[in-house]
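Visitor: I would like to learn how to read a few features of a protein model. Please show me the structure before we start.

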Amino acid sequence: VSFGSAARIDHAQFLEIAWGLANSGQPFLWVVRPGLVQQSELHDQALPNGFLEALNERAHVVKWAPQKEVLAHPAVGAFWTHCGWNSTLESICEGVPMICTPCFSDQMVDARFVSDVWKVGLQLEHGIERGEVERTIRRLMVEKEGEEIKERALKLMEKANLSLKEGGSSYQSLDDLVNHIL
């Protein structure tokens, strides 16, 4: 779980996310950078007392993580993201399905493409509420719908990676730009 470098959520939303993650029964890594929670600059002060201890090492909350490396790890089953373009592309290039919670700007369009066009993720449409968070995580991680989303994510990963190879559309576009500049 990571909401990028600029998004901010209020403390009530933070608690709903925390309890939704906990209630999902799934292990998780959550990046809670300083400044994410509006009423608290220290991530460990924003968590409910005893929260991490109650999860029996099923959860890790950190201030920062190397996102590309985390997404490339085979243990990662999904990425809950704000859907900034960089995060979206990193997830696509690793074939990781997404849970989308866009905050502003291009993130709204990116999230709609992830959930409704490419169908490689699910969007939290009804706000951040622990029951909705839990249901969305479980849909993606343990239900048949999640398996289908994972298959589409892997197919989109293959297409994205082909476009980056010599002769691929992205490779060619970058090459054309360089030639134009030169």
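Visitor: Is Glu 125 buried, partly exposed or exposed?

Guide: Buried means under 20% relative accessible area, exposed means over 50%, and partly exposed lies in between (1.4 Å probe, protein chains only). Glu 125 has a relative accessible area of 42%, so this residue is partly exposed. This is a predicted model, where local features need pLDDT of at least 70, side-chain atom pairs count only at pLDDT 80 or more, and totals for chains, interfaces and linings use all residues. Residues are numbered from 1 along each chain as its sequence is written, and side-chain values use heavy atoms, with hydrogens and water left out.

Visitor: With which side chain does Glu 125 meet in a salt bridge?

Guide: Side chains of opposite charge can pair when their charged atoms come close. The term salt bridge is used for a side-chain nitrogen of Lys or Arg within 4 Å of a carboxyl oxygen of Asp or Glu. Here the partner of Glu 125 is Arg 112, at 3.0 Å from N to O. Arg 112 lies in helix 6 and Glu 125 in the loop between strand 5 (121–123) and helix 7, so the pair ties together parts that are 13 residues apart in sequence. Helices (H or I, at least four residues) and strands (E, at least two) are DSSP runs, numbered from the N terminus.

Visitor: What other salt bridge does Arg 112 form?

Guide: Arg 112 also pairs with Asp 116, with the closest N and O atoms 2.9 Å apart. These two residues are four apart in helix 6 (residues 107–117), which means a separation of about one helical turn. Arg 112 is partly exposed at 35% relative accessible area, and Asp 116 is partly exposed at 40%.

Visitor: How many salt bridges does a search of the whole structure find?

Guide: The search finds seven. One of them joins Glu 132 and Arg 135 (3.4 Å, N to O). Glu 132 and Arg 135 are three residues apart in helix 7, so about one helical turn separates them. Glu 132 is buried, with 16% relative accessible area, whereas Arg 135 is partly exposed, with 48%. Salt bridges with shared partners link Arg 112, Asp 116 and Glu 125 into one network.

Visitor: Where does Leu 182 lie, and is this residue buried or exposed?

Guide: Leu 182 is in the segment after helix 9 (169–181). Leu 182 counts as exposed because its relative accessibility is 83%.
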